[in-house]
Amino acid sequence: MKSDIILSGVGGQGIVSIAATISMAALENNLFIKQSEVHGMSQRGGAVQSHLRISQEEISSDLIPLGKADLIISVEPMESLRYLPWLSENGWLVTNTTPFINIPDYPDLKEILGEIEKLPHHIAINADEIARQVKSPRSSNMVMLGAASPFLDLPYGFLESGIKKIFGKKGEKVVQLNIDALKAGREFAIEHKKS
Amino acid sequence: MEKLLLLGAEAIAQGAIDGGMSGIYAYPGTPSTEITEYVQNNKTAIERNIHRQWSANEKTAMEAALGMSYAGKRAMVCMKHVGLNVAADAFINSAITGVNGGLIVTVADDPSMHSSQNEQDSRFFGKFAMIPILEPSNQQEAYDLAYEGFDLSEKYKVPVLLRITTRLSHSRAGIERQPLKSENKISYPEDPIQFVLLPSNARKRYKGLLAIQSLLEQASENSDYNTYYPGRDKSLGIIACGIAHNYLLENFPGRNCPHPVLQIAQYPIPYSKIEKIVNECERILVLEDGYPFVEEQLRGFLEINSKIIGRLNGIIPRDGELNPDIVARALGKEVKIYHSVPEIVKNRPPELCSGCSHRDIYNALNETMLEFGKQKVFSDIGCYTLGALPPWNAINSCVDMGASITMAKGAADAGIRPSVAVIGDSTFTHSGMTALLDCVYENTPVTVIISDNSTTAMTGGQASHATGRLEEICIGLGVKPEHVRVLTPLPKYHDEMVKVLREELNYEGVSVIIPRRECIQTATKTKKEIKVKNVEVQS
Ligand SMILES: Cc1ncc(C[n+]2csc(CCOP(=O)(O)OP(=O)(O)O)c2C)c(N)n1
């Protein structure tokens with residue numbers, strides 16, 4: 001069992017919540033974890049990324065080497081492309097298609113989606129829309145995690161228990177909303193990964 | 001015992017708590033902030049009432065920690081690398097006074113300047129002060145070295161420098177704890193003048209510090225953290241310091257490195273272990289995250305030993321953070337990249353939050369400065385430094401905390417009119433007050449804008465010593481009350497702000513303008529917390 005994952009987005013979008021859920025799931029199952037995150041300056045609306053590594057074997061580096069990430073999970077489409085040099089030859093890119101536009105020269109969304117289409121293995125999902133559909137509008141990050149779950153080397157059940165552990169304090173309802181979002185993202189990815 | 005998933009910074013905090021720490025002293029600074037924040041929220045720390053409030057700056061933090069050590073208790077002081085410049089006087093002298101209770105100075109360096117003005121390497125400061133330096137390679141070692149560092153400090157009666165870098169500080173891993181130790185009781189130093197650095201006594205103390213250097217070397221030599229791993233391929237030997245060891249192992253899965261490796265986590269540099277690897281191997285690659293600290297010492301000025309390679313011969317870039325790819329290339333391994341970044345991807349620099357009060361004051365200041373000319377605004381470090389970027393381009397300096405006011409003073413002395421300083425509330429109480437006093441002393445014509453968002457926003461919203469007392473401080477320092485002007489930075493008061501700015505910029509003396517509105521981040525956080533509390537009460 002081993003997954004090297006790059007998480008990306010814009011400061012303030014909360015990619016850490018995705019990382020925390022995977023880490024919690026991994027920790028509960030006695031896997032080794034390293035999760036590097038961004039604090040400080042770039043959290044103010046800048047590009048942020050996190051390297052997350054889980055494995056049965058001891059992990060050395062906190063950073064994933066170039067060309068070795070199994071998966072990129074991005075909560076923002078342009079940001080999904082920024083870390084492509086880390087993606088392995090057959091790695092998957094799973095990205096939200098809702099743009100976060102806070103720069104004047106943000107490229108045309110169609111061109112961004114076109115670049116994503118060029119990759120051999122990708123899932124482009126409108127996580128914000130799906131989160132609204134399952135009546136959990138604030139759980140788009142869990143939709144993203146669900147969409148990435150088929151490509152994670154971690155049993156799906158681990159993620160649900162990770163969510164329970166992390167959101168448990170906030171009550172049953174919050175847990176359920178997040179699990180619904182997770183499931184919806186997962187279904188979308190399973191449906192679309194074949195085509 | 002159950003493993004805890006902790007940031008490197010948090011691992012240090014937990015290690016220090018478990019190691020019997022009675023007080024932590026710090027001023028926030030990325031990447032060190034989370035150490036103190038962890039202690040502030042930790043159950044044991046709260047039960048034991050471990051001191052855990054923020055200090056005004058790194059120097060006051062260092063001195064307070066030394067005071068706690070004087071009283072026989074264990075203390076830690078934390079800061080980012082540039083904070084050690086501020087604390088340097090106290091830090092260097094604390095090596096001469098020595099300690100009573102164990103004292104750990106934790107400094108987090110920021111190679112690649114993710115959130116800093118420079119990438120100075122604190123190990124030089126440790127060597128300068130002639131004290132032991134600990135440099136963990138991973139989060140578990142960070143925990144263990146914080147835990148054991150107090151013993152080391154008490155054994156040799158000197159402070160210990162614990163040096164980490166951003167990557168270790170801000171990366172999580174599972175940590176196993178050691179048993180919780182009890183705190184030290186109050187005890188006075190055996191020698192009542194140990195801490196009196198009058199020349200006659202300082203000379204004695206300094207000789208004492210020199211005398212223990214060989215013991216500190218011996219301790220490094222015998223340290224379990226400085227490990228020599230034999231290898232059959234002696235064409236290359238590798239010295240890996242701190243976190244660099246992880247990047248090395250990454251390139252040899254299963255710890256399968258064919259070359260001899262010396263891992264260093266404790267300094268002074270372990271002399272005979274170095275001698276062994278250098279004599280044994282044809283070439284020596286030095287891997288360190290930061291400056292070529294070990295490499296330079298091995299090469300020496302005359303470079304008689306030309307088989308040393310690393311940052312100084314260019315096989316590793318001279319600046320910037322280390323990573324597994326740089327190490328791979330230095331080892332002659334190929335780094336394969338399969339996908340490149342498409343050209344359409346644009347930079348996304350950080351920016352002031354929408355609704356941030358700094359935006360409103362910069363809008364007003366920019367409009368006012370149209371009348372007074374360009375390049376007359378000195379600034380400082382904090383969120384408001386982002387005013388240097390478009391669309392504002394409003395400020396012309398950011399050097400070190402407090403420098404806005406003193407630079408504005410120097411420029412005013414040189415004849416620049418008006419001369420303006422923009423500084424944050426926390427930065428002002430960190431290092432701006434004495435600068436303002438200099439202005440008052442000479443009644444220098446400067447206009448100081450203290451953009452008061454009532455928090456230390458840049459580092460995540462820690463309490464600010466300035467909150468609720470800025471006007472009193474300024475008036476107390478001697479600024480005339482009629483030239484201390486408080487504004488509410490909101491778009492609807494734009495014209496009013498411009499008017500006040502214009503008046504004070506025309507005044508030939510010291511004036512302070514305080515635009516005050518709570519940081520939008522802390523404001524939303526408090527609102528959320530109140531909401532959560534209400535929900536809890538209802539359920
Ligand atoms: C000597 C030193 N200590 C700490 C820091 C880290 N630091 C940079 S800005 C900042 C906070 C500034 O707070 P404030 O002046 O209130 O401005 P704000 O970010 O709230 O706008 C801190 C702690 C630093 N750069 N230098």
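Predicted model: local features only at pLDDT ≥ 70, side-chain atom pairs only at ≥ 80, totals over all residues.
Visitor: How many of the nine residues of strand β1 (residues 2-10) of chain A are buried?
Guide: Residues are numbered from 1 along each chain as its sequence is written, and chains are lettered from A and ligands numbered from 1 in the order in which they are written. Buried means under 20% relative accessible area, exposed over 50%, and partly exposed in between (1.4 Å probe, protein chains only). Strand β1 of chain A is largely enclosed by the rest of the structure, because its buried residues number eight of the nine.

Visitor: Which strand of chain A pairs with β1(A) in the antiparallel sense?
Guide: Strands of a sheet pair through backbone hydrogen bonds, either parallel or antiparallel. Here strands (E, at least two residues) and helices (H or I, at least four) are DSSP runs numbered from the N terminus, and two strands pair if DSSP finds at least two bridges between them. A:Gly9, for instance, stands opposite A:Val48 in β3(A). The antiparallel partner, joined to β1(A) over nine bridges, is strand β3 (residues 47-55).

Visitor: Which residue of β4(A) is the bridge partner of A:Ile5?
Guide: β1(A) also pairs in the parallel sense with strand β4 (residues 69-74) of chain A, over four bridges. The partner of A:Ile5 in β4(A) is A:Leu71.

Visitor: What is the relative accessible area of A:Ser8?
Guide: A:Ser8 sits in strand β1 of chain A. Beyond neighbours within four places in sequence, A:Ser8 has contacts (heavy atoms within 4.5 Å) that include A:Ile15, A:Val48, A:Ile73 and A:Tyr83. A:Ser8 is buried, and its relative accessible area is 0%.

Visitor: What radius of gyration does chain A have?
Guide: Chain A holds seven helices and six strands, and its C-alpha atoms fill a box of roughly 40 × 40 × 40 Å along the principal axes. The radius of gyration is taken over C-alpha atoms, and the globule rule is 2.2 Å times the number of residues to the power 0.38. For 195 residues a compact globule would come near 16 Å, and chain A agrees with 16 Å.

Visitor: Turning to chain B, which are the edge strands of its five-strand open sheet?
Guide: The strands of this sheet run in the order β14-β15-β16-β18-β17, and the pairing is parallel. An edge strand here pairs on one side only, and that picks out β14 (377-378) and β17 (484-487).

Visitor: How many bridges join β15 and β16 of chain B?
Guide: B:Val420 has B:Thr447 as its bridge partner in β16(B), and B:Gly424 stands opposite B:Ser451. Strand β15 (residues 419-424) and strand β16 (residues 446-451) pair in the parallel sense, and the number of bridges is six.

Visitor: Which residues of β16(B) point the other way from B:Val446, B:Val448 and B:Ile450?
Guide: In a regular strand the side chains alternate between the two faces of the sheet. Six of the six residues of β16(B) are buried, so this strand is largely enclosed by the rest of the structure. Opposite to B:Val446, B:Val448 and B:Ile450 point B:Thr447, B:Ile449 and B:Ser451.

Visitor: How many disulfides does the structure hold over all chains?
Guide: A disulfide is a pair of cysteine sulfur atoms within 2.5 Å. The total over all chains is zero.

Visitor: Which cysteine sulfur is nearest to that of B:Cys398?
Guide: B:Cys398 is partly exposed, with a relative accessible area of 33%. B:Cys398 is in no disulfide, and the nearest cysteine sulfur, 12 Å away, is that of B:Cys383.

Terms used
Heavy atoms only, no water.
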